[in-house]
Amino acid sequence: MKIYILIFIATLSVFTTVFAQKEVLNPKFGSMLNSLLAHNVKEVLPNNIPKDSTIVFLDTREKKEFKVSHIKNATWVGFSSFNLKKINTIPKDKKIVVYCTVGYRSEKITEKLVKSGYTNVSNLYGGIFEWVHQNQTVVNDKGVTEEVHTYDKVWAQWLDKGIKKY
């Protein structure tokens, strides 16, 4: 019986790896994400998010990243400064999509939201990078922009579209 369980887990692991790598447009980016993320919260791809103005987008990047560009109408909540009090007016059943640069920081904040009772929250798989890769727009205080803060030069290698800003 134990051997069947091990085979099942191994098969599931391979399926998850292959599936995750096909989700994003760049397979190498997908491989990196698959190894970086814990995949323990609901994940959503940009093109699978309905065009619904009632969805709340939470940006977990640092303020300087948010100022370069962000998803339209997103609320900045930060990562190192994140506090549940920042979102206490959002109903626990509201559709929420949490994002950062590639999905790591937002995955951690999504975990906190789920543990706090939020029931309809997802991590944006691939973060703002995949958002831009899938031809979604980003904005700043002047309107639509091509600029994307890439966190640093190491992470910049994963941005295939847009203008890289550090």
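Predicted model: local features only at pLDDT ≥ 70, side-chain atom pairs only at ≥ 80, totals over all residues.
1. His-149 counts as buried because its relative accessible area is 3%, and the cut-off for buried is under 20%. Its side chain reaches the backbone nitrogen of Tyr-151 at 3.0 Å. Setting aside neighbours within four places in sequence, the contacts of His-149 include Arg-61, Lys-64, Glu-65, Val-68 and Ser-69. Thr-101, Phe-129, Lys-165 and Tyr-166 are also in contact with His-149.

2. **The five-stranded sheet.** Reading across this open sheet, you will meet the strands in the order E1-E5-E4-E2-E3, with parallel pairing. Strand E1 (43-44) and E3 sit at the edges, each pairing on one side only. E1 runs parallel to strand E5 (residues 121-124), and two bridges join them.

3. **Helix H2.** Helix H2 spans residues 27-36, and its buried residues include Phe-29, Gly-30, Met-32, Leu-33 and Asn-34. At the start of H2, Asn-26 is worth a glance: one of its side-chain oxygens comes to within 2.8 Å of the backbone nitrogen of Lys-28.

4. **Two asparagines with positive phi.** Most residues other than glycine have a negative phi. Asn-73 has a positive phi, near 70 degrees, and Asn-135 has a positive phi too, near 65 degrees. Asn-73 is placed in the loop between helix H3 (63-68) and strand E3 (75-76), while Asn-135 belongs to the loop between helix H5 (127-133) and strand E6 (138-140). Are these residues buried or exposed? Asn-73 counts as exposed because its relative accessibility is 69%; Asn-135 is likewise exposed, with a relative accessible area of 59%.

5. **The largest pocket.** Finally, do have a look at the largest pocket, which holds about 320 Å³ of space. It is lined by 13 residues, and those closest to its centre are Asp-52, Phe-57, Ile-71, Lys-72 and Trp-131. Sorted by class, the lining comprises six nonpolar, four polar and three charged residues.

Terms used
Residues numbered from 1 in each chain as written. Heavy atoms only, no water. Helix = DSSP H or I, 4+ residues; strand = E, 2+ residues; numbered from the N terminus. Buried < 20%, exposed > 50% of the residue type's maximum accessible area, 1.4 Å probe, protein only. Polar contact = N/O pair within 3.5 Å; in protein donor to acceptor, adjacent residues only side chain to side chain. 1 Å grid on protein atoms, 1.4 Å probe; cavity = no way out; pocket = protein on both sides within 12 Å on 5 of 7 lines; lining within 4 Å. Points joined across faces, edges and corners; volume = space filled by probe spheres on them. Nonpolar A, V, L, I, M, F, W, Y, C, P; charged D, E, K, R; others polar. Contact = heavy atoms within 4.5 Å. Pairing = 2+ DSSP bridges.
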